Amino acid sequence: MPPTTSLRALKVIVPCRTQGRRFASHGAPQYNEPSGWLFGEKPLPPGQKRVKEEWENIWYVGMFGSMAMAAVLLYYKPDTSIQTWALKEAKERMEARGEKYKYEPTSA
C-alpha cells in the first residue's frame with residue numbers, strides 16, 4: 001500500500017492540472033484579430049480591382065437562387081387553410097339541399 005502522503009499529493013495536484021486543459025478543442029481558440037477594416041480586407045489603392053475568391057460566385061448563385069425559388073414556391077403554394085375548406089364544404093352541402101349560398105336581398 002502506498003504511503004498516505006503521496007495519495008494526498010495526487011488528490012491535490014490532479015484537479016489543478018485538469019482544470020486548465022482543453023481536451024476536445026485542441027488548444028486555445030484561433031481567430032483573426034479585429035483589424036478595423038470591413039471583412040478584414042484593407043481598401044485597395046485607386047485603380048485596382050478586387051479579386052474575387054473561388055467560392056464567392058457559387059455562394060451568390062446559391063443564396064439568391066434559393067431565395068428566388070422559395071419566393072416562387074411560396075407564391076404557388078396551395079391554399080390549405082381551414083376557412084377555405086369550410087367555405088367549399090358549406091357551399092357543397094347547401095347546393096345538395098337545394099339552397100342558395102349567395103345572399104340575394106328581397107325588394108320590398
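Which side chain meets that of Glu56 in a salt bridge? In this predicted model, the partner is Arg50, and the N to O distance of the salt bridge is 3.0 Å. Glu56 has its place in helix α2, which covers residues 54-75. With a relative accessibility of 5%, Glu56 counts as buried, because the limit for that class is under 20%. Arg50, by contrast, counts as partly exposed at 38% relative accessibility. The side chain of Glu56 also reaches the backbone nitrogen of Glu53, at 2.9 Å.

Of the 108 residues in the protein chain, buried residues make up 1%. The accessible surface of the protein chain comes to about 11200 Å², and carbon and sulfur atoms account for 62% of this surface.

Part of the surface is formed by a nonpolar patch, in which Trp55, Trp59, Tyr60, Met63, Phe64 and Met67 together have about 650 Å² of accessible area. Trp59, one of the residues of this patch, is found in helix α2, the helix in which Glu56 also has its place. With a relative accessible area of 42%, Trp59 is partly exposed, and Phe64, at 48% relative accessibility, counts as partly exposed as well.

Tyr75 and Tyr76 are both exposed. Trp59 and Phe64 belong, with Tyr60, to one aromatic cluster, and these three residues are also among the members of the nonpolar patch.

Charged side chains form a further group of contacts, and the structure holds five salt bridges, including the one between Glu56 and Arg50 described above. A second example joins Glu89 to Arg93, with the closest N and O atoms 3.3 Å apart. Both residues lie in helix α3, which covers residues 82-97, and they are four residues apart, about one turn of the helix. Glu89 is partly exposed, with a relative accessible area of 23%, whereas Arg93, with a relative accessible area of 53%, is exposed; the two residues fall into separate classes because exposed means over 50%.

A further salt bridge is formed by Arg97 with Glu99, where the closest N and O atoms are 3.7 Å apart. Arg97 counts as exposed at 57% relative accessibility, while Glu99, at 39%, counts as partly exposed. Salt bridges that share partners also join Glu41, Arg50 and Glu56 into one network, and the contact between Arg50 and Glu56 is the salt bridge of 3.0 Å with which this account began.

Notes:
Residues numbered from 1 in each chain as written. Predicted model: local features only at pLDDT ≥ 70, side-chain atom pairs only at ≥ 80, totals over all residues. Heavy atoms only, no water. Helix = DSSP H or I, 4+ residues; strand = E, 2+ residues; numbered from the N terminus. Buried < 20%, exposed > 50% of the residue type's maximum accessible area, 1.4 Å probe, protein only. Polar contact = N/O pair within 3.5 Å; in protein donor to acceptor, adjacent residues only side chain to side chain. Patch = residues over 30% accessible without salt bridge, like charges linked within 9 Å, V, L, I, M, F, W, Y side chains within 5 Å. Areas by Shrake-Rupley, 256 points an atom, 1.4 Å probe, with all protein chains shown as cover. Salt bridge = Lys/Arg side-chain N within 4 Å of Asp/Glu carboxyl O. Phe/Tyr/Trp six-rings, centres within 6.5 Å; stacked < 30°, edge-to-face > 60°.
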